[in-house]
Protein chains: 4
Amino acid sequence: MSLNTYGHLFRVTTWGESHGPAIGATVDGCPPGVALIESDLQGWLDKRKPGQNKYTTQRREADAVEILSGTFEGKTTGTPIQLMIRNTDQRSKDYGDIAEKFRPGHADITYWQKYGIRDYRGGGRSSARETATRVAAGGVARAALDRLAPGVKITGYLVAMGEHEIDRNRFDWDQIEQNPFWAPDAQAAENWAIYLDGLRKSGSSVGAIIEVTIRGCPAGLGAPVYGKLDTDLAAAMMSINAVKGVEIGEGMAAARLTGEANADEISMGENGPEYSSNHAGGILGGISTGQDIIVRFAVKPTSSILTPRKTITKSGEATEIITKGRHDPCVGIRAVPVAEAMAATVILDHLLLDRAQTGGTRGAIG
Amino acid sequence: MSLNTYGHLFRVTTWGESHGPAIGATVDGCPPGVALIESDLQGWLDKRKPGQNKYTTQRREADAVEILSGTFEGKTTGTPIQLMIRNTDQRSKDYGDIAEKFRPGHADITYWQKYGIRDYRGGGRSSARETATRVAAGGVARAALDRLAPGVKITGYLVAMGEHEIDRNRFDWDQIEQNPFWAPDAQAAENWAIYLDGLRKSGSSVGAIIEVTIRGCPAGLGAPVYGKLDTDLAAAMMSINAVKGVEIGEGMAAARLTGEANADEISMGENGPEYSSNHAGGILGGISTGQDIIVRFAVKPTSSILTPRKTITKSGEATEIITKGRHDPCVGIRAVPVAEAMAATVILDHLLLDRAQTGGTRGAIG
Amino acid sequence: MSLNTYGHLFRVTTWGESHGPAIGATVDGCPPGVALIESDLQGWLDKRKPGQNKYTTQRREADAVEILSGTFEGKTTGTPIQLMIRNTDQRSKDYGDIAEKFRPGHADITYWQKYGIRDYRGGGRSSARETATRVAAGGVARAALDRLAPGVKITGYLVAMGEHEIDRNRFDWDQIEQNPFWAPDAQAAENWAIYLDGLRKSGSSVGAIIEVTIRGCPAGLGAPVYGKLDTDLAAAMMSINAVKGVEIGEGMAAARLTGEANADEISMGENGPEYSSNHAGGILGGISTGQDIIVRFAVKPTSSILTPRKTITKSGEATEIITKGRHDPCVGIRAVPVAEAMAATVILDHLLLDRAQTGGTRGAIG
Amino acid sequence: MSLNTYGHLFRVTTWGESHGPAIGATVDGCPPGVALIESDLQGWLDKRKPGQNKYTTQRREADAVEILSGTFEGKTTGTPIQLMIRNTDQRSKDYGDIAEKFRPGHADITYWQKYGIRDYRGGGRSSARETATRVAAGGVARAALDRLAPGVKITGYLVAMGEHEIDRNRFDWDQIEQNPFWAPDAQAAENWAIYLDGLRKSGSSVGAIIEVTIRGCPAGLGAPVYGKLDTDLAAAMMSINAVKGVEIGEGMAAARLTGEANADEISMGENGPEYSSNHAGGILGGISTGQDIIVRFAVKPTSSILTPRKTITKSGEATEIITKGRHDPCVGIRAVPVAEAMAATVILDHLLLDRAQTGGTRGAIG
């Protein structure tokens, strides 16, 4: 990843801030001939769009994406695809307080320390708004995957909100789209609704854990060391703002296991190798096994809360700050479509990398 | 990161397998004029070297590093530095079993599925042996940091072995080098010694959690989105073999906090901003704050165990396998110097990136 | 360079086709705090703009650039700068002929062979229109150079049109902006006017040689082998459409010289080393000497001519084609501001690279 | 290209100086399963090896290449291939003069100005010795091409030595390996032998022009703008030391042509499109046409000559210098195998890039 670009061959460069005229992504390296029109992308953007229910920020953005280049007669041409989303709700307000004070937990102070200049009207590149462009780019990746590896299915969902986790015994894929939290557990969703409403009313916020499962990924994607599939997935998730931890398969809990408990035993199935378990999360030695790939990450609570916090001004004086405004009480919810998009991008990118090096030919088993 | 290279400007390309004549790293982009001789690197390699006590593999390697290029009269010249380590203990044995069977939890099967060819004599690039080259390269990064940012101090240590965690109340920096586990808690080290000895004798293995603290890192390193300092640290740690999870600051536990609990309040100290806590782990919006940077990661248990596991052969037949040989009962121990090396490389790389873009000039506070 | 991105640290990604709604460039890695408003860029774009006189295509484009991100209150923030130029003159016409036939000398046939899809309404990414985005990005590079290395002055000019060369004895910097050909020789400009008018009327076209001189570049930029300053300058120029050759200093003529004739002897001047001549073109061993850097390149004649040429259709049938439309009789003229922009980008990029690795400290002489 | 690495997917990182213990190249991204043993590479190295006749430097190097990693049982494994060549003829001598004085036309002065440190015993990375590692890496590329695109044939040859050019009417492929100058014209070779012997005896040197023809390259490799096949070929050639100009097809002479003269008319042949001529040099819009690809470049005369030249010392004092030692009177001769190697690397790299993006599927014609 360079400063604002990710991907080896399917390369996405994003640009724009929350308070400028527009944000966008340039998608380079997309295979030609992929069916792609704006409405293919809009569905994904609508999943992430703010203001859809009382659990997300009330900022209202149409998040309408425009394809400015790279397609012809509804198909990609192999040239860079520019995806632009205009900002429509840059509500004017008095920024005086934020302009002079650093909000604890925000990038305000580090931006200032690094660049010596800062657009104090919003979070700049660190704004959650930037993630809309990732979702648009991820939509292109999904369209390309549909053509190159039609069996791949990428699904994100919340597995914990604050201290409240889902019950894996109630896991139900069909529930995920049935509640505003992308919860695969109907009971958890009900509990979270009450819990989050309380937090919202008190002007507080809370963190969350999101899991993304990639089903149908072919074996053989990735590489043994720095180009590991899990390295790129980890970097992709960690690059999302407010993410503080990333796990593959067992994740941090792998530390607690013995070798016997951790080993996923192998047997021969009708369609190739099968595994007795999936502690590995679908990746061995940096390379996909063909099992479900499981990525999990934690999003910290929004720092924008109504309780006053101690801070300093640019001139170094002690003060307090309250962050009013339109914020998400659990910003992790809206991270779900973002994480799906990042996962789609990584999988496609590695599919192309693998096609380049091996031609997609596999060592046969059996 | 490309397949076998990491770093943006300070770029390390590693090569070699456990059963070839040598392994090595090419370090490109090092500043000129840095004092560097082989013995500067050897100390770090000795930390990682196997066979030093009964808790690590009994493979005996001198791990003697040779500098083949890039220095003159004891100083770096700014040209690529080749670091070569000869393999000396490639014990001949009967590989027949491993050649035909896939070891569960190893990269054997995915290597085969991806490349259709595999050096069955060892773990290839996925062998822990590869990490020696990272340690050597990290030694170069440390030498450069000594010159460019002399206050930076990078220290790794184990915080958990299996289910046994250290007690943070007993945390003592001086203990870390006093026990074979790099434990900052003397009591934990004693307990782990007994615990691991039992595992070793039974031919089992266990995972571990390693933490790296970077003290004295200047504020302003990193970037807001894909070039985040935490993105690169996460990728660096996840690229180490057997790592399944990475955390910055609060890590996965950040999901459990409320916004009030998570906010690190800011005050003005004598040498700049100070913080009431460090939930952020020293990084806000992808950019270092000047606080301690805290990275944590989990290493899974070695898959090489004496208990037979079910698996298949290349021809797809069901079988069982026992992995004999010289393996680490807790490979996480030897990951400590590797993680320090990776951290040093990332910090130096971002120092150079920041110097390029901003010239190192900072927005003043106060 | 990746497919649509150039630069190591100052990275420009361009997008857009001649017949879409807009084209643009994303400029990443720009230092913060550089004064930059749209009118700073517009001047450079106006130099390249078509339709300004009878010697260039009559396509009329305002080429008005919009800065959509990356600046705040008239200064760069260090985040990606999006430069968008709307296409305004996409004249509707009957493309039937071009849609089915491949124009000799155009990218039509190779686009088709590579991608299997092609926007036949224009040259796609191979259109000269793409170069407007380079000019805009080059304007950002110039603004940054003004701050970081204020002595750098980059000037392009035509030294040959077809078989008609300038007379170096009449070389006059002040003439360059006085004629529509950027000729440093007033007499040559007069002759070219007559010559080109004839070509234009007959529907023919001709090639040209452009030279760019970079004055005031500090010594020490570049690197010895693949990161040579001349490598990057050569790639930058060769990446401009229709360029077929690139030279540094003596260029191809260096082959004719003996070692005695080619050696630029060194003496000590008041401000450092001076040279008796500049056969090297300001670059020795890939690194700038502090002398004028001289780059030269040849642009082939536009393939769009009124004389019928033999070709084939997509179905492989023999046919003929005439390329009507609004084309430049000597497209090399408009390559001048493009080449200046590319040179500015390369110099700034190497200035940042050098600042990263060496801190800009130089080995002293004398 | 980064400082010491070239290639997008087939990535070569070279290291080492003329006066260290060894030089080498790490080849990353090679397809697995390619037959490769040391003797496959040695043949190419022997072509470049010095001391083979009186027309090249009398430095004696075995240039024996060792494969230290990345192959197993005579085939590539898909992991990095380390190619090491030991330096064997580092003749001890008194370097006092060179240590203090800058040789005109050498990188001595710019190295010093950039890095402030310099191994004065040789040319460092700018030594022609570095090119041996490119030749070794090019051998790997050729082996991979033999498997992926067996029809590709890459041949370099001298077309001019000083002012003496070959006669294209006498061009004979079979002559190239029959004389020490890789001349495709027997008569020219005879003339050059006499001419160069005179230069050698007088301690002088002269430049040369080398041409590389790539036959059998499939259509469709490359990309329209920055990833142009000609951009990468130009960069590859310009990265060779002492190169001052690069041409594709007509090259600089394209400037002299009219559109009518330059157009390569298209007809339909039995195996696809055919062209009436090849002014384009096999590349249109950055993408290969399937015709022969023609690259040409000029090598300046060696600066190491016996005639005294004026220069300065590190302390800035005026002096003179004679470069004694073992130097090539026409270093361009030994650039032939280097250029072939670079061409092989670029073609393979673009073959992999194309396979990644398009899967190698082509738009059909006819």
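Two strands pair if DSSP finds at least two bridges between them. Strands here are DSSP runs of E with at least two residues, helices are runs of H or I with at least four, and both are numbered from the N terminus. I start there because a hairpin is defined by such a pair.Two strands pair if DSSP finds at least two bridges between them. Strands are DSSP runs of E with at least two residues, helices are runs of H or I with at least four, and both are numbered from the N terminus.

With that in place, take the hairpin in chain C. Strand β17 (residues 309-312) and strand β18 (residues 318-321) of chain C run antiparallel and are joined by four bridges. In that pairing, C:R309 sits opposite C:I321. Five residues lie between the two strands of this hairpin, and C:G316 in the turn has a positive phi of about 90°.

Now the ground rules. This is a predicted model, in which local features need pLDDT of at least 70 and side-chain atom pairs count only at pLDDT 80 or more, while totals for chains, interfaces and linings use all residues. Residues are numbered from 1 along each chain as its sequence is written, chains are lettered from A and ligands numbered from 1 in the order in which they are written, and side-chain values use heavy atoms, with hydrogens and water left out.

Next, the interface of chains A and B. How many residues of chain A are in contact with chain B? The count is 113 residues of chain A against 113 residues of chain B, where contact means heavy atoms within 4.5 Å. About 8,900 Å² is buried between chain A and chain B, 59% of it on carbon and sulfur atoms. Buried area is the accessible area, with a 1.4 Å probe, that two parts lose on being put together, summed over both. On the chain A side, A:K114, A:Y226 and A:K244 lose the most area to chain B, together 11% of what that side buries.

The rule finds six salt bridges across the interface of chain A and chain B; a salt bridge is a side-chain nitrogen of Lys or Arg within 4 Å of a carboxyl oxygen of Asp or Glu. A:E165 and B:R256 meet in a salt bridge, at 3.0 Å from N to O. Polar contacts between chain A and chain B come to 51 residue pairs, both residues at pLDDT 80 or more. A polar contact is a pair of N or O atoms within 3.5 Å; within protein, one must be able to donate a hydrogen and the other to accept it, and residues adjacent in sequence count only if both atoms are side-chain atoms. Helix α3 (residues 108-115) of chain A gives the most to the side of chain A that touches chain B, with seven residues. That side of chain A divides into 49 nonpolar, 43 polar and 21 charged residues. In this scheme Ala, Val, Leu, Ile, Met, Phe, Trp, Tyr, Cys and Pro are nonpolar, Asp, Glu, Lys and Arg are charged, and the others, Gly among them, are polar.

Strand β11 (residues 243-248) of chain A pairs with strand β11 (residues 243-248) of chain B in the antiparallel sense, over three bridges. The bridge partner of A:V246 is B:V246.

How are the two copies related? Copies are superposed by least squares on the C-alpha atoms of residues with pLDDT of at least 70 in both. Of the interface residues of chain A, 100% are also interface residues in chain B, so the copies meet through the same surface.

An open sheet of 10 strands, with antiparallel pairing, has the order β9(C)-β8(C)-β10(C)-β16(C)-β11(C)-β11(D)-β16(D)-β10(D)-β8(D)-β9(D). Strands β9 (164-165) of chain C and β9 (164-165) of chain D stand at the edges, each with a single partner strand, so one side of each is left without a neighbour in the sheet. In chain D, strand β8 (residues 153-161) runs antiparallel to β9(D), joined by two bridges. D:M161 stands opposite D:H164 there.

Last, chains D and A. Here 13 residues of chain D are in contact with 13 residues of chain A, and the buried area is about 980 Å². D:R355, D:A356 and D:Q357 supply 52% of the area that chain D buries against chain A. Chain D is laid on chain A by a turn of 180° and a shift of 0.0 Å along the axis, with an RMSD of 0.0 Å. In chain D, the C-alpha of D:A356 is nearest that axis, 2.2 Å from it.
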